[in-house]
Structures are given as C-alpha cells and as structure tokens.
Amino acid sequence: MNWKQIAEEKRASVLANIPKDWQIPAPPSAQDQRDVTGSYIQQYLTAREVEITETPAASIVEKASSGQWTAVEITKAFCHRAAVAHQLVSCLHEIFFDDAIETAKQLDHYLEKNKKPLGSLHGLPVSLKDQFHVRGVETSMGYVGWIGTFQGEKGTGKEKVYESEMVKELRDLGAVFYCKTSVPHTLMCGETVNNIIGYTHNPTNRNLSSGGSSGGEGALLALRGSPVGFGTDIGGSIRIPAAFNGLYGLRPSTGRLPYEGMANSFDGGPGVISVVGPLAPNIGALKLVFQGLLSKEPWFHDPLVHDLPYRPEVEEATFDLARSKKLCFAVIRHDGYCGVHPPVTRAVEKTIEALTKAGHKVVDWKPTTTHAQLAEVTGRCYLFDGGRDAKKAFDLSGEDMAPQVIGPYKETVPESSASEVMATLVEKRELQKAYMEYWNSTVDITGTGRPVDAIICPVAPFAAAIPEKYHYYGYGFWVNLLDYSSVVVPVLKADKTIDKVDKTYKPLNDDDKKTYETYDPELYDGAHVSVQLVGRRLQEEKMLTLADYVGGLLHS
C-alpha cells in the first residue's frame, strides 16, 4: 500500500468515528460561506448544546463540580460540536469520544460518592495538539509514516499505555480528553497542512489559514468545539493560531510547564526549545489550567521544570499597578525588516489608545539588537541536525513534504559540528544579554521607576496567512530565542472599509515586498486581528494579568 492509500484510510477512519447522526452535508465553498463560526455551526446543535459549549471553562468546572451539569452531558456536547467543526475545517487527527464519555461517567460517579470534585478541572473537556500522547490513542503528528507506530517505531505497543506527563496531571485534575487536533508535518510551519487530513482552514474566514503549528487547536477553539486546549510553541506555534482565530494564547518560558513525554520534531535540539501552553476563547481559561497544572508540582516529574509554584502576589501587584494607572508599555510597530498589513497597524494603535486613555504610558521600543539578527540565529538553531529528523520521518512512507514547510526543511543541509553548535549558543547568549540590558535601560524613560512592563507587538505581519503565502516569521521568532513569556490578546476584525492598502509604503526587502503584496482588503474582511504582550522570562503571572487587563480595556 502506498502512502496516499495509507493517508486516505486514516482520514476515513477519523470521519468514521463520528456518529452518523452527527454527520453533516459538506459545507458550501468559502466564496459562498466565508464564516462558519457562530450561528452557522449552531444550526447543527441543540439549544442545550450551544449553551454548554459557549460557557467559559471556569463556569463549566463550577457547574460540573456542583452537580448542576453532569460531566457526561458536558462531554457529549463538546464531542458533538468538535465533530461538526472537523467536518467544516478539517481540524482533528484523532477522535475518541467513547473513551471521553466513559471518563465523564467516572467523574460523575466520583462526585456522587465523595460529594466533592476530583480536582480543579473536574468535568472540563480539554483538547490536545497531536503531540500529546494519550493512552490507547495514536499520535501521528501529521506524518503518514507514523500511522500505526509509536513515533515511527513499529511493534512497541507503547501507544496503548504511554501518556505524556501533562496528560497525567490534567487527568488527575479532572479533565476529560476527547480529541487531538491537527498539525503540519514537521511542526515547522505557520499553516496547518499534512497529507493525512489536508488543510485546516480558518473558521472565521475560510480563505485564510488557521495558523500553525497548533492550527487544529486554533480552528477547534474558534468554532467552540473546545473550551480550552493545549499547543506548543517553538517559533509562534501557540501565538499564531491564537491570533489568527481571535483567541487568547500563552507562550510561557521554558521550564514553566511540563513537556516530558511529548512527541516532537528534532527532539533534544538545543538553542530554541519548544514549550507547551494553553489557548482559549477567554483569559480565565488560561489562568485556570495554568494554576491547576502548577498545583500538581510538575517539577517532581519533569526534570526540566522549575520549582516555581503559581505566584498570586505577582498577579495582585500587577493589578494594583493597573488600577493605579502606573504601567508603562513599549510598542513595536515595525520590526525593522518587514512591515505589517493595515489591519495589524490598526490593532496595535487601538491597543495603544486604550492604554493611554486609561492613564498608562506607551513608549517606542528601539533595541540595539535587531530582530533580523535574532531571526537569523533562530534559524540556525532550528537546523543543527541539517533537517535529518524530518527527513527520517518522511522516508518512513516516502510521502511528499508540503510546500508551506519553512524553507530550510525542503532539502537536507549539512549538520552543524559540535563547535558550530557551541559558537551559535554563545552568540545566542550574547544577544540575550544585550537585549536584557536594553530592557533594563528603559527605566530611564518609563517614569515609573521600573523598566518597561511589557511590549505590545504584532504576532505576524497579517491578520492571518493566505495559503502558501506566509513569507516572514520574525514577529514570532524573537520571543522564542530570548525565551520571553507572551500572551496573545484579540483586538478587532479587519474591515475593508477602513483598512485600505497603503500605496505609499516602500518595502525594505523581498520578504517585505511579498508580504505587502499579499494584502487584499476584500479577502481579509472580517478576519481576526490580535497583538501579543511580551514580558521577560518566567513572567507568566504578570503577563496573564496584563492580558486580562488589556483585554478588558479593549472589549469592555
């Protein structure tokens, strides 16, 4: 059997796991029905299912923990909505609804017997990017050659019993797992596409991408097929789907949340490390799962996690500064290499306006270290192995690589020597030091007696990528190389009557020119537009609090 047949069988098996009474007609074309969120997807659900699936995560837990709603009815509602979502935009790799309902029954029994919830996430459905290992569920990570194996290895049987550390901890907190979401093979792509499920489109504007590499999560959450999900980020892979789909998303610093036992590309590569974090329609869901996971003391089970419990005092101190109008933000409008589309400019300016109107200060961010330098070193770190890990995975089946995978992975390049790796890591450290000292120096311009509290910055040059036209990743890469904590905040939607083409703009280089030329006000009309708030290393509590505050100013 060739790889195309194997992929087709897997694709069909996912659809076969959807109950017949949940199957829907094929949706109309993107030209005829651009947006399949909101009332469009609601037509396939009962009023009760709509109520449950559009309730925030914290309220779901409250109702499940008090017995107002059963875990079973909550789980069934989200299973149904996720099934419909997949049929609309191809966002799922794995469906295991029966296992989820059985877990929910056990949670209901536990509540009835013990008169208390199992944990802080009791009865909460949680979706997972297809890097998480869940016992009894396959992990393909978008590779045809991984189908029927454990990370490409046949006959181990590990997939039947093995679970990632975070999955174990979420289970212990009372979470319910029911699906795993789509990724681009290699994970090195700002769009989600692979030879198994095809392309995952943006539910709000199906002419555009849902982002990557956690694009299935972004699409599922945009369609409210999940109240909260988890993705990973090595170059923007949480923040890009969050931004493209109008969600909140947390990219924590390395070592804050457990990554132990996850599938990955070029696992063990030094320099730029992938992290795991949550995405959700509201900031409360991010806080809920972040606090819950830290309550499990993951540093005792993942050797790379810092012994750093949740710090409520940081949260309270940040809110005090916000209430006292004593915050100072910096802003990046243009990173010096590639400009942004008009809707992104408007989102940045609207965020600045909301903060200054509330009494806070905003200054320009002008680091001596250029973001082009940071992006170049980041790219080197990605290719220490010369792309051999990805090539090995593709060779298992002989499948073709999607053209959207970032350029260096399209052909094998020489592996870096140990000396070259060490030299690059020294260069990275020196860049981190220079950027750190620049941040420290801003104490002289903030007027608060502190350096800048956070940076307001685009996530990408556009509201969302047009398929095969994601030409520049620099707005995401710099955060990963410096290992800063960042939270995405939705701001507005593109509007063709406001966001006109800037005909006076002069591109600086070929990437800038290509990006500029992709902007079409008609095509982008209605797309979500977001910003990211970037803080220093391990400032997750502060950044979640600032995102909550800024989101409140923008959407009050």
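Q: Leaving out residues up to four places away in sequence, which residues does S210 touch?
A: This is a predicted model. In it, S210 touches T192, T200, H201, N202, G215, A219, P241, F244 and N245, with residues up to four places away in sequence left out.

Q: Where is S210 found?
A: S210 sits in the loop between β5 (198-199) and α8 (215-222).

Q: Is S210 buried or exposed?
A: S210 has a relative accessible area of 0%. Buried means under 20%, so S210 counts as buried.

Q: What about the side chain of S210, which backbone oxygen lies 3.1 Å from a polar atom there?
A: That is the backbone oxygen of T200. The backbone oxygen of G215 also lies 3.2 Å from a polar atom of the S210 side chain.

Q: Which of its lining residues are closest to the centre?
A: The lining has 39 residues, and the closest to the centre of the largest pocket are Y259, M262, N264, D267 and G268.

Q: And which elements give two or more residues to that lining?
A: Those are β8 (275-280) and α14 (388-395). The most comes from α14, which gives three residues to the lining of the largest pocket.

Q: How do the lining residues divide into nonpolar, polar and charged?
A: The lining of the largest pocket has 20 nonpolar residues, 11 polar and eight charged.

Methods
Residues are numbered from 1 along each chain as its sequence is written. This is a predicted model: local features need pLDDT of at least 70, side-chain atom pairs count only at pLDDT 80 or more; totals for chains, interfaces and linings use all residues. Side-chain values use heavy atoms; hydrogens and water are left out. Helices (H or I, at least four residues) and strands (E, at least two) are DSSP runs, numbered from the N terminus. Buried means under 20% relative accessible area, exposed over 50%, partly exposed in between (1.4 Å probe, protein chains only). A polar contact is a pair of N or O atoms within 3.5 Å; within protein, one must be able to donate a hydrogen and the other to accept it, and residues adjacent in sequence count only if both atoms are side-chain atoms. Contact means heavy atoms within 4.5 Å. On a 1 Å grid over the protein atoms alone, a cavity is a set of points where a 1.4 Å probe fits but cannot get out, and a pocket is an open set with protein on both sides within 12 Å along at least five of seven lines; lining residues have an atom within 4 Å of a point. Ala, Val, Leu, Ile, Met, Phe, Trp, Tyr, Cys and Pro count as nonpolar, Asp, Glu, Lys and Arg as charged, and the others, Gly among them, as polar.
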